[in-house]
Amino acid sequence: MLVFAYSYLLFELIASIAGTSYVNRCREDETSRYFVWFLWITFFVELFGTLPSLIYYFGLFPALKGTFLEYNDWLFNVFFIFNFCFYVYYFWLNYKIKSLKFFMKILTVIYVLGAIINLILTDIYFTGISSFTYVIGTILLFIGGILYLYEMLQSDKILAFYKTIPFYIAVGSIIFHLVVTPLFIYDKYHSLESPEFVDITRIILNSAIIFLYTCYTIGFIICSKKNKLY
């Protein structure tokens with residue numbers, strides 16, 4: 001069970017390596033290069049985010065007990081804002097219709113301001129994951145991804161959709177966030193008083209992460225073979 005609990009890091013690493021290989025082979029795909037940087041940032045943030053587990057469950061780094069590093073809510077409350085904004089930005093880079101770009105830009109600005117105000121005016125920053133940040137961010141990502149897929153359906157890209165990295169990112173990220181968002185809505189139940197809920201949540205979350213990064217890895221591998229090499 002312990003191995004499974006941290007197995008998602010391996011899949012994140014594999015996806016990051018596969019993405020790096022892809023952009024080195026297909027260097028004309030500049031937008032995917034940005035996404036690979038994002039994958040590496042995510043991997044190292046998630047890796048750093050395991051520090052509280054090492055302190056609490058394994059007794060490592062005893063000097064850090066009682067410090068803000070004993071918890072990671074503050075880290076992910078900031079990272080999730082960046083996470084959703086980047087996904088929308090990535091879809092934005094792939095839009096061809098200017099009105100869609102303007103629409104998503106306005107929505108993103110409103111989201112960022114709302115998320116920051118929510119963290120400032122509530123005590124959630126250090127005590128748990130902000131449901132506002134995650135739920136509204138998921139809605140924003142869903143809109144951005146669906147608009148990209150809709151635009152693709154209206155263009156010649158649909159004839160070779162499986163050769164485009166944005167397709168795998170849109171489908172993978174939409175499914176992932178729709179699955180895990182309810183977990184963050186009920187984050188307040190994540191306590192030692194409900195260990196069964198915590199275990200189920202951990203299994204669903206880890207499985208969803210594995211699915212997400214497997215989807216990205218498959219996309220990089222397929223597109224690396226189908227697209228023009230450098």
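Tutor: We will take helix packing, then a pocket, then aromatic pairs. Keep in mind that this is a predicted model.

Student: How do α6 and α8 pack, and at what angle?

Tutor: Look at the angle and at the spacing of the axes. Helix α6 (residues 98-121) and helix α8 (residues 131-153) pack at about 170°, and their axes are 10 Å apart. Angles over 145 degrees count as roughly antiparallel, so α6 is roughly antiparallel to α8.

Student: Which residues make the contact?

Tutor: From α6, they include Leu100, Phe103, Leu107 and Tyr111. From α8, they include Phe132, Ile136, Leu140 and Leu147. By class, the contact of α6 with α8 has eleven nonpolar, six polar and one charged residues.

Student: Now the second largest pocket. How much space lies in it?

Tutor: About 170 Å³. Next, read the lining. The pocket has 15 lining residues, and the closest to its centre are Asp29, Thr31, Asn94, Lys157 and Pro166.

Student: Which elements give two or more residues to that lining?

Tutor: They are α3 (30-48), α5 (73-94) and α9 (165-185). The largest share, three residues, comes from α5. By class, the lining of this pocket has six nonpolar, five polar and four charged residues.

Student: How is a pair of aromatic rings described?

Tutor: By the distance of the centres and the angle of the planes. This structure holds 28 aromatic pairs. In one of them, tryptophan 40 and phenylalanine 44 are stacked, at 6.1 Å centre to centre with 25° between the planes.

Student: Why are tryptophan 40 and phenylalanine 44 separated by about one helical turn?

Tutor: Because they are four residues apart in helix α3.

Key
Residues are numbered from 1 along each chain as its sequence is written. This is a predicted model: local features need pLDDT of at least 70, side-chain atom pairs count only at pLDDT 80 or more; totals for chains, interfaces and linings use all residues. Side-chain values use heavy atoms; hydrogens and water are left out. Axes are lines fitted to C-alpha atoms, for helices over the stretch in contact, and angles run from 0 to 180 degrees between N-to-C directions. Angles under 35 degrees count as roughly parallel, over 145 as roughly antiparallel, 65 to 115 as roughly perpendicular and the rest as oblique. Contact means heavy atoms within 4.5 Å. Ala, Val, Leu, Ile, Met, Phe, Trp, Tyr, Cys and Pro count as nonpolar, Asp, Glu, Lys and Arg as charged, and the others, Gly among them, as polar. On a 1 Å grid over the protein atoms alone, a cavity is a set of points where a 1.4 Å probe fits but cannot get out, and a pocket is an open set with protein on both sides within 12 Å along at least five of seven lines; lining residues have an atom within 4 Å of a point. Grid points are joined across faces, edges and corners, and a volume is the space filled by probe spheres set on the points. Rings of Phe, Tyr and Trp (its six-membered ring) pair if their centres lie within 6.5 Å; planes under 30 degrees apart count as stacked, over 60 as edge-to-face and the rest as tilted.
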